[in-house]
Every structure is written in C-alpha cells, then in structure tokens.
Amino acid sequence: MPRFYCPPPLPQSGSFELPADAAHHASRVLRLRESDEVQIFDGNGHECHGIISEMAGKRVVVGNLNTANTNRESPLHITLAQALSSSEKMDWVIQKATELGVTEIQPLATERSVARLSDERAEKRIAHWRQVAIAACEQCGRNVLPLIHAPLDIMAWLQQTRIAPDTKFILLPEGASSLSSQNKPLGKITLLIGAEGGFSRAESESAQLCGFTPIRMGARVLRTETAAVTGLAAMQTLWGDFQ
C-alpha cells in the first residue's frame with residue numbers, strides 16, 4: 001500500500017488533503033487513482049489508512065480515514081555517529097540506517113572526512129538527509145522519523161558524550177572485542193563509524209578515553225558505509241527485533 005509522509009497533525013477520521021509533495025508523488029509518479037488505498041503518517045508515530053476520494057489537478061484528498069498506529073520501531077535506542085563521507089555514501093548510510101531502525105543520526109567532521117560542509121551547505125544537507133530518511137520511512141513502514149542532528153566536529157562531540165551514560169562502541173579494524181562478547185545494553189547505544197580513511201590515532205584514542213569500546217566486525221576491513229549497516233544489523237540481531 002502506498003505510504004506518504006504528512007507533517008503533523010493528522011486527523012483521526014474524515015478526510016485529509018495531501019501536502020503538495022505527497023500529492024505530486026501520488027498522482028504524477030505513482031499514477032494512483034480515486035478509490036486507491038493509501039497510508040499517511042506524521043513521523044511522530046501516528047498512521048492513518050484511507051482511500052483517495054478526490055484527484056483534481058494538483059489536489060489529492062484522502063477520505064475514509066482510520067487511525068492505525070502500528071508500532072514498527074526497534075526496541076533499541078541507537079544513535080549512529082557517522083563521520084562525513086561523500087554525498088552518495090552519506091545518503092546510502094542514512095537510508096539504510098533508517099530502514100534498520102536507528103533512532104538518531106549524528107554526522108561528524110573528522111580529520112579524514114572527504115566531505116567538508118560550511119554552515120550554509122550544512123543546512124541544505126540536513127534538509128536533504130531528512131528527505132532521504134522520509135523516503136526510507138515511506139518504504140519500510142516506519143512511522144517515526146529518525147532525528148538527524150547538525151554536523152559537529154568529532155572532538156567537540158566526544159567531549160559532549162564523555163559523561164553520557166550510553167553504551168558506546170567505536171568500530172576499529174584493530175578492535176579487540178566483538179559485539180557478541182558484550183552484554184545486552186540496558187539503555188541507549190551510540191555507534192561511532194569513521195570516514196573513508198578511518199579515524200586518526202588522536203580521534204580513536206580520544207573516543208576510547210570518553211568511554212567508547214573498540215569493536216571489530218570480523219577479520220576484514222569494511223568500507224565506511226558497509227561498517228555502519230553491518231554494525232546496526234548486528235545489534236538488531238543480537239539485542240533488537242531481528243531475533
């Protein structure tokens with residue numbers, strides 16, 4: 001069933017006119033017609049089912065709305081702290097992390113990050129990443145959008161997380177532990193992933209001083225986008241809703 005993100009608030013019943021972007025996607029891209037069934041969600045956990053009751057020009061109205069707040073969220077609260085990489089890789093990571101149930105995404109500027117963002121460009125990239133996450137939620141069935149934070153310098157961010165009670169992991173090729181050797185976290189989890197060239201020695205040492213446990217995912221060195229998806233999938237398998 002086609003799904004469309006609609007900013008809150010959503011009606012509990014009756015009818016609802018889709019926002020311009022969703023209406024365009026429904027009529028021009030998916031070529032839906034009157035009487036087709038659709039779902040709409042607000043990104044805060046609310047979902048409605050309905051039937052397209054009117055299509056005229058750019059106007060698409062969904063009628064016969066019924067609330068169906070199905071919970072498809074992971075039981076794990078995971079923050080993915082991802083070093084900035086090329087635009088295509090960042091988009092891919094955000095898309096897949098959303099599908100894998102991540103709760104928050106914190107982009108980080110690291111010493112070896114290929115991408116560099118000015119304040120103006122950062123605002124545009126955040127808006128773009130949010131659209132990537134919205135599209136991923138529409139596809140995978142999530143009703144809650146992950147929170148995407150503004151990019152931060154890794155050293156400043158590490159100081160902020162020093163006192164956080166989260167269970168914190170950093171993926172390093174030389175990590176001595178595996179995720180399967182760790183106890184199931186009782187609270188929030190933070191997963192730190194490096195850029196294309198990995199972390200500098202100063203960054204990895206600082207992370208460990210701030211409470212991050214160095215984890216190794218097998219015997220092979222993973223690309224940054226592979227490492228993020230692998231780490232999230234492993235956590236969902238060990239402790240989340242993949243069981």
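Q: What makes Arg3 count as lying over the face of Phe41?
A: Arg3 lies over that ring's face, at 4.4 Å from the ring centre. The rule asks for NZ of Lys or CZ of Arg within 6 Å of the ring centre and within 35 degrees of the ring normal. This is a predicted model, where local features need pLDDT of at least 70 and side-chain atom pairs count only at pLDDT 80 or more, while totals for chains, interfaces and linings use all residues. Residues are numbered from 1 along each chain as its sequence is written, and side-chain values use heavy atoms, leaving out hydrogens and water.

Q: Why is the pair of Trp157 and Phe212 called tilted?
A: Rings of Phe, Tyr and Trp (its six-membered ring) pair if their centres lie within 6.5 Å; planes under 30 degrees apart are stacked, over 60 edge-to-face, the rest tilted. Here the centres are 5.8 Å apart, with 50° between the planes. So the pair is tilted.

Q: What makes Phe169 and Trp239 a stacked pair?
A: The values are 6.2 Å centre to centre and 20° between the planes.

Q: Why is Trp239 called buried?
A: Its relative accessible area is 6%, so Trp239 is buried.

Note on methods. Buried < 20%, exposed > 50% of the residue type's maximum accessible area, 1.4 Å probe, protein only.
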